[in-house]
Structures are given as C-alpha cells and as structure tokens.
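Biologist: Thanks for sitting down with me! Could you open the model, so that we can go through it together?

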Amino acid sequence: MLNGLADERLVRTVRRSVLMALDPLLGPVEYEADLGYPGAPAAADCEGGRTPRRLLHALSRFPQLAEWARSPALGEALKACLNGPVRLSQCHHNCVMTKQPGYSSATLWHQDIRYWSFERSELVSVWLALGEENTRNGALRIIPGSHRFDLDRGRFDRDLFLRTDQADNKALIRAAKEVALAPGDVLFFHCRALHAAGTNRSDEVKLSCVFTYHAADNRPIPGSRSDQYPGLVLA
Ligand SMILES: O=C(O)CCC(=O)C(=O)O
C-alpha cells in the first residue's frame with residue numbers, strides 16, 4: 001500500500017467529476033442488480049434496482065484520472081512489481097466503484113484472475129481511494145499471501161467464489177485483514193490474491209478507482225475478453 005500516491009487536488013477533482021457522473025447518471029454503468037451479489041436489488045425494476053455499482057470505462061471518461069493511471073510515479077512502482085515495462089489494461093476493472101448506501105451488495109471471496117485470460121497469471125490491480133474506506137462503508141479485506149496459494153477447483157463454487165462451507169476455507173478467511181484507506185491511498189494487489197468486501201452501511205457513497213496492469217510481455221489470449229482493447233503504454 002502506498003499512502004497518498006494520488007495528491008489531494010487530484011482526489012478532489014476526480015471525486016467531483018465522479019459525483020457529477022452519478023447525478024444524472026452517465027453510462028456506461030454496471031448496476032448492483034446486474035451482479036446479483038448478496039444484498040443487491042433482485043432486478044432493475046425493483047426498489048433500488050437502478051443503483052450503480054461501477055462507472056465503466058473510467059480511462060475514457062475521466063481524463064485526469066487516466067493521466068494519473070499512466071503516470072511515471074505509478075509506472076515506476078508497477079515496473080518494480082512486474083519486473084519490467086508494463087501495460088494498462090482497458091479490458092478489466094477500468095472503473096470507478098460506487099458503493100452506495102442503502103442498496104450496495106457484498107462481494108464474496110474471489111481472485112480477480114478468475115475471468116481474465118493472459119499468458120501468465122501475473123497482473124496487478126491498483127485501487128485508489130477517493131474517500132475513507134473502513135469497516136462501516138465496506139472496505140476491502142484481503143487474505144495475506146493468498147496469491148501464492150495453489151487451491152483446487154473444489155475450493156470454489158460455481159461462480160468461482162471461495163466456498164465458505166469448507167473448514168480449510170474458513171481457516172483462510174479467519175486470517176483475512178481489512179485494508180482501511182484514506183483519500184489518495186493506493187493499494188496494489190496481485191490478481192490471484194483472495195479478497196472480499198462488505199456492503200456500505202454508512203450514509204455516504206464510497207468511491208474507489210480500480211485499474212489493472214500486466215507486464216508488456218504477458219499478452220492477453222487472442223480473441224478473449226482480455227484482448228478486446230489494446231493495453232496502454234505508461235508515460
Ligand atoms: O465490493 C467491493 O468493493 C470489491 C470489488 C471487487 O473486489 C472486485 O470487483 O473485484
């Protein structure tokens with residue numbers, strides 16, 4: 001985790017643009033109801049069914065954020081994690097998470113790599129807090145060292161969430177740590193790291209920007225969703 005990797009001015013500017021994109025709501029958006037996670041409204045026409053969960057294509061719609069996501073400061077940190085030149089994926093995350101009070105859902109234990117297709121399972125997600133993230137508003141929880149675990153398919157459910165009915169998995173979950181963040185803090189995590197998050201029980205929206213990076217020589221599998229748009233070079 002790097003404290004204050006995004007400065008106050010950037011956080012303020014991006015936060016303002018994001019709030020404007022929420023009211024009136026500007027697409028493209030993923031709704032809580034689309035995901036059907038625990039606590040989400042059952043369908044778009046139910047109460048709260050139009051609650052946005054993510055503002056998609058963040059790189060194309062928030063220019064200051066895109067500049068930060070490709071900045072030399074971030075690039076240097078990522079180069080050290082990925083051992084060489086990196087690319088910013090437009091195909092995964094590339095969003096602002098907008099966890100709303102009232103209708104937000106919980107995210108169960110999972111690895112981000114579950115639906116991604118690259119030559120190697122070596123990608124890093126960068127999570128930038130645009131406000132406080134804590135227990136009350138659904139901060140991330142991570143199982144330390146879990147990116148190195150070799151877990152059988154049977155440990156996961158149909159949708160590739162970690163099964164909570166298994167004693168071995170329960171023991172892993174007991175070791176989880178919450179990641180409390182302040183505005184401008186940035187969390188880097190491996191695409192195999194097991195993580196989860198609760199619902200937002202505060203009375204304010206929680207805003208977090210998330211981007212995914214891979215080494216330049218770790219290419220997406222041709223024709224897969226990971227290959228839909230080219231990876232971007234950093235400044
Ligand atoms: O609910 C959250 O804030 C976590 C989201 C998450 O882990 C993901 O989209 O991969």
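Biologist: How many residues does the largest nonpolar core have?

Modeller: Keep in mind that this is a predicted model. Among the residues with the most contacts inside the largest nonpolar core are Val96, Val126, Leu128 and Tyr213. The core has 49 residues.

Biologist: Ala58 is also listed there. Which residues is Ala58 in contact with, leaving aside its neighbours within four places in sequence?

Modeller: Ala58 is one of the residues with the most contacts inside the core, and so is Cys209. With those sequence neighbours left aside, the contacts of Ala58 are Leu65, Asn94, Cys95, Val96 and Cys209.

Biologist: Good to know! Why is strand β9 largely enclosed by the rest of the structure?

Modeller: Strand β9 covers residues 186–190. Strand β6 (residues 123–129) pairs with β9 in the antiparallel sense over 5 bridges, and Ser125 stands opposite Phe189 in β9. Strand β9 is largely enclosed because its buried residues number 4 of the 5.

Biologist: Which strands stand at the edges of the open sheet?

Modeller: The open sheet has 4 strands in the order β5-β10-β7-β8, with antiparallel pairing. At the β8 end, β7 is joined to β8 by 2 bridges, and Ile142 has Lys177 as its bridge partner. An edge strand has a single partner, so one side is left without a neighbour in the sheet; the edge strands are β5 and β8.

Notes. Residues are numbered from 1 along each chain as its sequence is written. This is a predicted model: local features need pLDDT of at least 70, side-chain atom pairs count only at pLDDT 80 or more; totals for chains, interfaces and linings use all residues. A residue is buried if 20 or more other C-beta atoms lie within 10 Å of its own, exposed if 12 or fewer, and partly exposed in between; C-beta atoms are placed from the backbone. Two strands pair if DSSP finds at least two bridges between them. A nonpolar core is a set of buried Ala, Val, Leu, Ile, Met, Phe, Trp, Tyr and Cys residues joined through C-beta atoms within 7 Å. Two residues are in contact if their C-beta atoms, placed from the backbone, lie within 7 Å.
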